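I opened my notebook beside this model and jotted down what I looked up. Please follow along in the viewer.

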Amino acid sequence: MTEPTGPLLSEGDQIAQRRKKLEQIIALGHAPYPSKFDWNTTATEILNTYGSFSKEQLETTKIAVRLCGRLMTIRGHGKAAFAHLSDGAKRLQIYVRLDAVGEDNFKLFQLLDIGDLIGVEGYLFRTKTNELTVHVEKCTLLAKAFLPLPEKWHGLSDVEIRYRQRYLDLIVTPEVREAFVTRGRIIRFIRGFFDARGYIEVETPMMQPMAGGALARPFVTHHNALDIDLYLRIAPELYLKRLIVGGLNRVYEINRNFRNEGISTRHNPEFTMLEFYQAYSDYRDLMALTEELFRSLVQEVCGGLRVEYGDLEISFEKFDCLTMREAVVRFWKNPSNRPTLESLRVEAGVRSAANAHNQNAVAAGSALERVDERLSAGPLLGALFEAVAEKELIQPAFISEFPVELSPLSKRNVDNPAMVDRFELFIAGMEIANAFSELNDPLDQRDRFEQQLKQREGGNEEAHRMDEDYIRALSYGMPPTAGEGVGIDRLTMLLTNSKSIRDVILFPLMRPEKKGSDSSE
RNA sequence: GGGCCGCUAGCUCAAUUGGCAGAGCAACUGACUCUUAAUCAGUAGGUUGUAGGUUCGAUUCCUACGCGGCUCACCA
């Protein structure tokens, strides 16, 4: 026979077989790729509606159905066959027999493969084993699958293929579909939550002449007509606060941020953030709002306030509230050199704590992370917190009292200007949210930017840049405002019990697949 | 970027000290009109991630590279 052309053929014999079958189907007079199937129900709908109907009920009231989906299994018995049809969400069994569909249609059915998309019409009945099944009277090919699906029993377990070919993962792994359905519900719930509270959803630039609002390295791109470099945003923060200046007193945005950093189970270069800003409020107001948001969200999505996360059980019934200093003291491992709350108020105390911590770290081998004692007092406290406490914060905990050096956009604490009015929410050892009272003093903001510039000159590529227009905006007067960011991907991980961020991002960034070999073909 | 691990048929996995590369599912041929991991009989399917090296002989040992996973660093 003449060899069919095309790149697919080189991938294996099964593809050639399926192409041949399609030729035969066409020869039988069927359209290979019809544009429509006139369905009136789905597998999910049938199972929901008639799942409780008895055999007798279905016999007396013959329920006619037309549905379509993907063939997931076929069990042939000569002149009859059972198969399962998936609508994406659920599978419904179908029963095709020669005397019910007729000889021509049965020929078509015999040319179908697992993976094909088909439509069937018939009526519902229950089999001997009491499974709700469609007694098919006619089946139609809607699209042929040339590539075989992964094995029906073990499914697809190669994670690389799962991420690279997510479509395939979605076809054969029901939990994956579930996770992304949940992600959609989470985002929808959040929108409803803020809409109900008078917030306006806005969209601010993803491409910015200067990447600000966070401390991170940006991606660079170029606009040809203006001949300028642009940065993919690392945060929407400074734009959202410009809107507060403009009188949009409550705004939120759910959108992508891009950070040119490493990839891990908790980091994807593009990730989704919720940011919201509320005028005439401070960070304490947001703490209350955050608790309310999380409790109602978890209740809605998980049906209760306790969720399983790996080996952990997370309870959203109670949110802990600690200062950074308190957290360091509480989770300090070695009782013989544990610092006191008071000692961590002053630089000397922080330094001796850092020194003691590093001694503990040496004693503990590689189990404890060391801190860089060259840091100044504020960042050193932050480093101590990360090394000592962060991973221990399993149950929801607000951490407050951040050093000003770590927070160039936050308002100083009235009583202690070395600290800012800020909190972060930690759950399962992950930072989930970050909020603060926004710095609205343009002079202080300029000073903070200057400090950042010095760090940048010192080689810190993540330090913030000077944003003159942002200072100009603040100079028109910004009301006292509180703002918060919530990492949607990590939140989704928690609520879908996913241990990798890649399991909640449909198409996580992967190194491109290497092209098949050389130029000789 | 560092460390550790993995890569064998379309999929899921085997292969003894280095000695003919196998099974199940999927596919193909045949039987079978209530099966559900359908069953039964038979057939085909491989440059063992890539490139080198050691060896009479490499899936197995060594080196480099590629891709991925976990982990550490950085961050959210």
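The entries below go from confidence to the sheet, then to salt bridges and cysteines.

**Ground rules**

I am working with a predicted model, where local features need pLDDT of at least 70, side-chain atom pairs count only at pLDDT 80 or more, and totals for chains, interfaces and linings use all residues. Residues are numbered from 1 along each chain as its sequence is written, chains are lettered from A and ligands numbered from 1 in the order in which they are written, and side-chain values use heavy atoms, with hydrogens and water left out.

**Confidence**

I began with pLDDT, the predictor's confidence in each residue, from 0 to 100. Chain A averages 91, and 96% of its residues score at least 70. I then asked where confidence is lowest and where it is highest in chain A. Helix α12 (residues 347–363) is lowest, with a mean of 89, and β6 is highest, at 98. Here helices (H or I, at least four residues) and strands (E, at least two) are DSSP runs, numbered from the N terminus.

I also looked at two stretches with pLDDT below 50. Residues 1–11 are one of them, and beyond near neighbours in sequence this stretch has ten contacts in the model, a contact being heavy atoms within 4.5 Å. Residues 515–521 also fall below 50, and that stretch has one contact beyond near neighbours in sequence.

Next I traced an open sheet of eight strands with mixed pairing, in the order β6-β10-β11-β18-β17-β16-β15-β14. Two strands pair if DSSP finds at least two bridges between them. Which strands stand at the edges? They are β6 and β14 (320–323); each has a single partner strand, so one side of each is left without a neighbour in the sheet.

I zoomed in on β15 (residues 397–403) and β16 (residues 419–427), which pair in the antiparallel sense over six bridges. Pro-403 has Met-419 in β16 as its bridge partner.

Helix α10 lies across β11, β14, β15, β16, β17 and β18, and runs at about 10° to β16. For these angles, axes are lines fitted to C-alpha atoms, for helices over the stretch in contact, and angles run from 0 to 180 degrees between N-to-C directions.

I also checked Ser-410, in the loop between β15 and β16. Is Ser-410 buried or exposed? At 1% relative accessibility it counts as buried (buried is under 20% relative accessible area, exposed over 50%, partly exposed in between, with a 1.4 Å probe and protein chains only). Not counting residues up to four places away in sequence, Ser-410 touches Val-420, Arg-422, Phe-436, Ser-437, Leu-439 and Arg-448.

**Salt bridges**

I took a salt bridge as a side-chain nitrogen of Lys or Arg within 4 Å of a carboxyl oxygen of Asp or Glu. By this rule the count is 33.

Glu-292 bridges to Arg-197, with the closest N and O atoms 2.6 Å apart. This pair links distant parts of the chain, 95 residues apart: Glu-292 sits in helix α10 (residues 283–302), and Arg-197 in the loop between α8 (174–195) and β6 (200–201). Glu-292 is partly exposed at 37%, and Arg-197 is partly exposed at 27%.

Lys-241 and Glu-237 meet at 2.9 Å, N to O. Both belong to helix α9 (residues 237–245), four residues apart, or about one helical turn. Lys-241 is buried at 0%, and Glu-237 is buried at 6%.

Arg-472 bridges to Asp-469 at 2.8 Å between the closest N and O atoms. These two lie three residues apart in helix α15 (residues 468–475), about one turn of the helix. Arg-472 is exposed at 51%, while Asp-469 is partly exposed at 31%.

I also noted a network of salt bridges that links Lys-21, Asp-113, Asp-116 and Lys-144.

**Cysteines**

How many disulfides does the structure hold? I found zero, the cut-off being a pair of cysteine sulfur atoms within 2.5 Å. Cys-139 is in no disulfide, and the nearest cysteine sulfur, that of Cys-68, is 13 Å away. Cys-139 is buried, at 2%, whereas Cys-321 is partly exposed, at 41%.
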